[in-house]
Amino acid sequence: MINLYGLEIKKLEELMIQEQQKRYRATQLYIWMYEKKAKTFDEMSDISLRFREVLKQKYCLDLPKIHTKQVSSDGTVKLLLEMNDGSKVETVLMRYSYGNVACVSSQVGCNMGCVFCASGLFKKTRNLTTAEMVGEILVLNQLLDDEEKGKHITHVVVMGTGEPFDNYENVMDFIRIINHPKALAIGARHITVSTCGLPDQIRRYAKEGLQINLAISLHAPNDEIRSKLMKINRPYPLDKLIPAVKEYENIAKRRVTFEYILLKGVNDSVQDADQLTKLIKGTLAYVNLIPYNPVIENEFQRSPHANVQAFLDRLIKNGVTATVRKEFGSDIDAACGQLRAKNN
Ligand code: SAH
């Protein structure tokens, strides 16, 4: 059975042609699936009974199931979703003043080996399919619509479990679907993909012609610290990563965001801020400082507020644009992968 939620419009159009249907049938299906939120093919009343039978026999509209739901006092919702094969992934809803943000997982487990991250506690067992990632958004949309008719996800960050650029094609199709005006119509500038920094994929992504935001998990001002924190820095050190970022900026004409988790005593001194300034000089990037969510399985600690402020002040004094990320859900299992870790 092919899950129709996994098909971006061109692939759905090709499928319609193969099924000896008119090309526009694809858009018609999109409207039923995404706008009218049909759960079954039977509801699709302007599609012939005969073709609806074909659809029922060969295709499906499967969504992930909610295994566990945690709600924080700030309204953040963390779901552990169960896929058809029993795999479980986390999806988070955050309520910002500007909209409802979904944080989407891209893989079951992760192989990137960042020592501070709870997601990496489990090795990757497989990539998520495009349909499963679209399903993450649809499940959250259902939840929002139940709260208030018409409420929906307005922004998406691919910052859940997994490395999106290690599941490149599926993630790109996912983006095309959620961005499509007849599907979820989430604006490209409201979508952010975060990568641990795979230079070849960053270059490939630059040529996609998508106006999506790109965030790079930098987390260190030099190779010595970065290699200790992120295994990926060994094959792809900073002298490979930073040129790829500059190339991206030139080709895509977009600036990236560098994510930088502040870890007490590891990467949070003002000297580190100065080194970071030098490292990213020549890029248009801005820096998003992230308060660390402690993970019980490791010994890292969040930087004290005073260090965060001093680090931020130093970056700004150095002429770097920087902000501190707002925190959500600190009373639930906020750190990436924590809820899943508890349920395995
Ligand atoms: N693999 C991708 C996307 C998933 S991680 C990437 O590396 O960017 C999304 C972001 O959350 C990354 O910047 C990651 O380093 C960060 N992160 C991981 N564990 C965290 C924790 N415990 N507290 C705060 N941020 C964390």
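A nonpolar core is a set of buried Ala, Val, Leu, Ile, Met, Phe, Trp, Tyr and Cys residues joined through side-chain atoms within 4.5 Å. Buried means under 20% relative accessible area, exposed over 50%, and partly exposed in between, with a 1.4 Å probe and protein chains only. This is a predicted model, in which local features need pLDDT of at least 70 and side-chain atom pairs count only at pLDDT 80 or more, while totals for chains, interfaces and linings use all residues. Residues are numbered from 1 along each chain as its sequence is written, and side-chain values use heavy atoms, with hydrogens and water left out.

**Stop 1: the cores**

Select Leu4, Tyr34, Val156, Phe174, Phe258 and Val287. Of the 107 residues in the largest nonpolar core, these six touch the most other members. Helix α4 gives this core its largest share, 9 residues. Helices (H or I, at least four residues) and strands (E, at least two) are DSSP runs, numbered from the N terminus.

Go back to Tyr34. Which residues does Tyr34 contact, leaving aside its neighbours within four places in sequence? Contact means heavy atoms within 4.5 Å. The partners are Leu4, Tyr5, Val134, Leu138, Ile177, Lys182, Ala183 and Leu184.

**Stop 2: the second largest pocket**

A word on method first. The search uses a 1 Å grid over the protein atoms alone; a pocket is an open set of points where a 1.4 Å probe fits, with protein on both sides within 12 Å along at least five of seven lines, and lining residues have an atom within 4 Å of a point. Grid points are joined across faces, edges and corners, and a volume is the space filled by probe spheres set on the points.

The second largest pocket holds about 260 Å³ of space. Select Asn3, Asn84, Thr129, Ala131 and Glu132: of the 16 lining residues, these are the closest to the pocket centre. Helix α4 (residues 130-147) supplies the largest share of the lining, 3 residues. Colour the lining by type, and 6 residues are nonpolar, 5 polar and 5 charged. Here Ala, Val, Leu, Ile, Met, Phe, Trp, Tyr, Cys and Pro count as nonpolar, Asp, Glu, Lys and Arg as charged, and the others, Gly among them, as polar.

**Stop 3: helix α6**

Select residues 199-206, helix α6; its buried residues are Pro199, Ile202, Tyr205 and Ala206. Look down the axis of α6: the buried residues fall within an arc of 120°, so they line one face of the helix. The arc is that of the directions from the helix axis to the C-beta atoms. These buried residues pack against α5 (168-179), β10 (191-195), β11 (213-217) and α8 (238-252).

**Stop 4: helix α9**

Move to residues 270-280, helix α9, where Asp272, Ala273, Leu276, Thr277, Leu279 and Ile280 are buried. Down the axis of α9, they fall within an arc of 165°, so they line one face of the helix. Gln271 and Lys278 are exposed on the other side of α9. The buried residues of α9 pack against α7, α8, β12 (257-262), β13 (286-291) and α10 (305-317). After α9 comes Gly282, with a positive phi near 95°.

**Stop 5: positive phi away from glycine**

Most residues other than glycine have a negative phi. Select Ala185, in the loop between α5 and β10. Ala185 is not a glycine, yet its phi is positive, about 50°. Next, select His219, in the loop between β11 and α7 (223-229). His219 also is not a glycine and has a positive phi of about 65°. Is each one buried or exposed, or in between? Ala185 counts as partly exposed at 46% relative accessibility. His219 counts as buried at 5%.

**Stop 6**

Thr192 sits in strand β10 and is buried at 15% relative accessibility. Beyond four places in sequence, Thr192 contacts Val156, Val157, Val158, Met159, Ile212, Asn213 and Ala215.

Gly160 lies in the loop between β9 (155-158) and α5. With a relative accessible area of 18%, Gly160 is buried. Beyond four places in sequence, Gly160 contacts Cys103, Val104 and Ser105.

End at Ser87, in the loop between β4 (77-82) and β5 (88-96). Ser87 is buried at 13% relative accessibility. Not counting residues up to four places away in sequence, Ser87 touches Leu81, Glu82, Val108 and Arg126.
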